[in-house]
Amino acid sequence: SFLAYMAPVVGIVLGFDAISSERSQGTLNHLASQPIYRDTVILAKFAAGSTVILMLSVSLGLMMSGLGLMTIGVPPEAEEIARALVYVAYSAIYMALWLAIAMFFSVLCRHAATSALISIAAWIYMTLFATMVAGVVANVIYPVSGIMGYENLLKNYALSMNLNRLSPYYLYIEAISTILNPNVRALMIPTETAYSGAIAGYLSLDQSLMLIWPHLTTMAAATLLMFGIGYVKFMRQEIRA
């Protein structure tokens, strides 16, 4: 939960002034005048930020694993190590998404302060207010009070869930809760038919990955999409001396 709230700050700090600070300080003109391809500038900045994020995720994962081993004294099994690696990889993708978002606003805005404010506003909305907005929209479309309240209950929950999943914060929370807790067997309201004949027990790693695979692909695709939009915008901008 702490990483879900604070990990975006890492991506925002690394990306909010990637291009805008170069433009405001006049150094972007010097970079563009060098015998290098123009797209190398933005590609190198994103690659450098992603490398820092990956190193940070791996370092924190190793530190917490060592602390847990010292505290508990029980070595983890192979599946538990694999779950921890998936957690570290997904955390890196989550931070890389916010890096791509911050870089997009950095390309869009001329000043680093404006880029930072917009990125922080997006972070605050996604982490604090997106869930409330999704609940309000679901209650308006499928009210759960009155005569039709009971019939709309499942539709209300499904719509609220789908709207929440538009937020990277909610996708991260849902995926990490599933991968770190083998007791989680479903991400929607389980029906009696779904539990019919099911054997009680923990889910294996491959079964947990099947549940969160859409989350992983969506997060990776959103990262590439945001960086791609910023890349195209940067390539079409005019750089004046």
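In which helix is Ser115 found? The legends below, which describe a predicted model, begin with this residue.

View 1. Ser115 belongs to helix 6. With a relative accessibility of 0%, Ser115 is classed as buried, because residues under 20% relative accessible area are placed in that class. A polar atom of the Ser115 side chain lies 3.2 Å from the backbone nitrogen of Ser106.

**View 2. Ala116, a buried residue of helix 6.** Helix 6 covers residues 112-141, and Ala116 is part of it. The relative accessible area of Ala116 is 15%, so this residue is buried. In sequence, Ala116 and Trp98 are separated by 18 residues, while in space their C-alpha atoms are 12 Å apart.

**View 3. Ile120, a partly exposed residue of helix 6.** Ile120 also has its place in helix 6. Is Ile120 buried or partly exposed? Its relative accessibility is 35%, and Ile120 therefore counts as partly exposed. Ile120 and Ala102 stand 18 residues apart along the sequence, and the distance between their C-alpha atoms is 8.9 Å.

**View 4. The contact of helix 5 with helix 10.** Helix 5 comprises residues 78-108, and helix 10 comprises residues 205-236. The axes of these two helices come within 9 Å and cross at roughly 20°. Angles under 35 degrees count as roughly parallel, and helix 5 and helix 10 are therefore roughly parallel to each other. The crossing of helix 5 with helix 10 is left-handed. Sorted by class, the residues of this contact are 22 nonpolar, four polar and three charged.

**View 5. Helix 8 and its surroundings.** Helix 8 runs over residues 168-180 and contains 13 residues. From the first C-alpha to the last, helix 8 reaches 18 Å, which is close to the 18 Å expected at 1.5 Å a residue. Why is helix 8 described as largely enclosed by the rest of the structure? The reason is that ten of its 13 residues are buried. Among these buried residues are Pro168, Tyr169, Tyr170, Leu171 and Tyr172. The buried set of helix 8 also includes Glu174, Ala175, Ile176, Thr178 and Ile179.

How values were computed:
Residues numbered from 1 in each chain as written. Predicted model: local features only at pLDDT ≥ 70, side-chain atom pairs only at ≥ 80, totals over all residues. Heavy atoms only, no water. Axes fitted to C-alpha atoms, helices over the stretch in contact; angles between N-to-C directions. Helix = DSSP H or I, 4+ residues; strand = E, 2+ residues; numbered from the N terminus. Parallel < 35°, antiparallel > 145°, perpendicular 65-115°, else oblique. Left-handed = near helix turned anticlockwise from the far one by under 90°. Nonpolar A, V, L, I, M, F, W, Y, C, P; charged D, E, K, R; others polar. Buried < 20%, exposed > 50% of the residue type's maximum accessible area, 1.4 Å probe, protein only. Expected span 1.5 Å × (residues − 1). Polar contact = N/O pair within 3.5 Å; in protein donor to acceptor, adjacent residues only side chain to side chain.
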